[in-house]
Amino acid sequence: AGILFVVFGLSQFIFQTPAGYIMDYTDWKVGWLAVASITTTALTLLTATTAQEYGGNLGWMIFIKFFQGAITALIPPGLNSITQGIVGAEGMT
């Protein structure tokens, strides 16, 4: 389980800056956030349903967690950019 947490966290770290760039410059912020949320949920369910005992498919689990980390990286900048759009730059301080 520790390996999966590390892969997930590093993936989020790697994709954090590109995700912020996407969310800053897109006009489809709510759509990206919805896709990221639904995909993250689906990948969590896929992890739970395809896990095998004793790490029988560890490579598959690592791939899922890497992809899930990349997708999940879209959520914090998405929420921040939508919030800033609602309250303005003054409201973010």
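Mentor: Let me begin with α2: its buried residues are K29, G31, L33, A36, T40, L43 and T47. Keep in mind that this is a predicted model.

Trainee: What makes a residue in α2 count as buried?

Mentor: Buried means under 20% relative accessible area, and K29, G31, L33, A36, T40, L43 and T47 of α2 are buried in that sense. The cover over these buried residues includes α1, α3 and α4.

Trainee: What does the check give for α3?

Mentor: There, 15 residues should span 21 Å; the end C-alpha atoms are 20 Å apart, so α3 agrees as well. Its buried residues are M61, I64, K65, Q68, G69, A70, I71 and T72, and they pack against α1, α2 and α4.

Trainee: Which residues does K29 touch beyond its sequence neighbours?

Mentor: K29 lies in helix α2. Leaving aside neighbours within four places in sequence, K29 is in contact with M23, D24, S81 and I82, where contact means heavy atoms within 4.5 Å. K29 and I82 are 53 residues apart along the chain, yet their C-alpha atoms are separated by 7.0 Å.

Trainee: And which residues does M23 contact?

Mentor: With the neighbours within four places set aside, M23 is in contact with K29, W32, L33, L74, P77, G78 and S81. M23 also belongs to the largest nonpolar core, whose seven residues are A19, M23, L33, A36, I71, A73 and L74. The elements giving two or more residues to this core are α1 and α2.

Trainee: Why is I22 called partly exposed?

Mentor: The label partly exposed covers values between the 20% limit for buried and the 50% limit for exposed. I22 has a relative accessible area of 34%, so it is partly exposed.

Trainee: Why does Y54 count as exposed?

Mentor: Exposed means over 50% relative accessible area; Y54 has 82%, so it counts as exposed. Y54 lies in the loop between α2 and α3.

Trainee: How many helices and strands does the chain have?

Mentor: The chain has four helices and zero strands, and its elements run α-α-α-α from the N terminus on. The C-alpha atoms fill a box of roughly 50 × 20 × 20 Å along the principal axes.

Trainee: What share of the residues is buried?

Mentor: Buried residues make up 30% of the 93 residues in the chain. The chain exposes about 6,200 Å², with carbon and sulfur atoms supplying 71% of it.

Note on methods. Residues numbered from 1 in each chain as written. Predicted model: local features only at pLDDT ≥ 70, side-chain atom pairs only at ≥ 80, totals over all residues. Heavy atoms only, no water. Buried < 20%, exposed > 50% of the residue type's maximum accessible area, 1.4 Å probe, protein only. Core = buried A, V, L, I, M, F, W, Y, C linked by side-chain atoms within 4.5 Å. Areas by Shrake-Rupley, 256 points an atom, 1.4 Å probe, with all protein chains shown as cover. Expected span 1.5 Å × (residues − 1).
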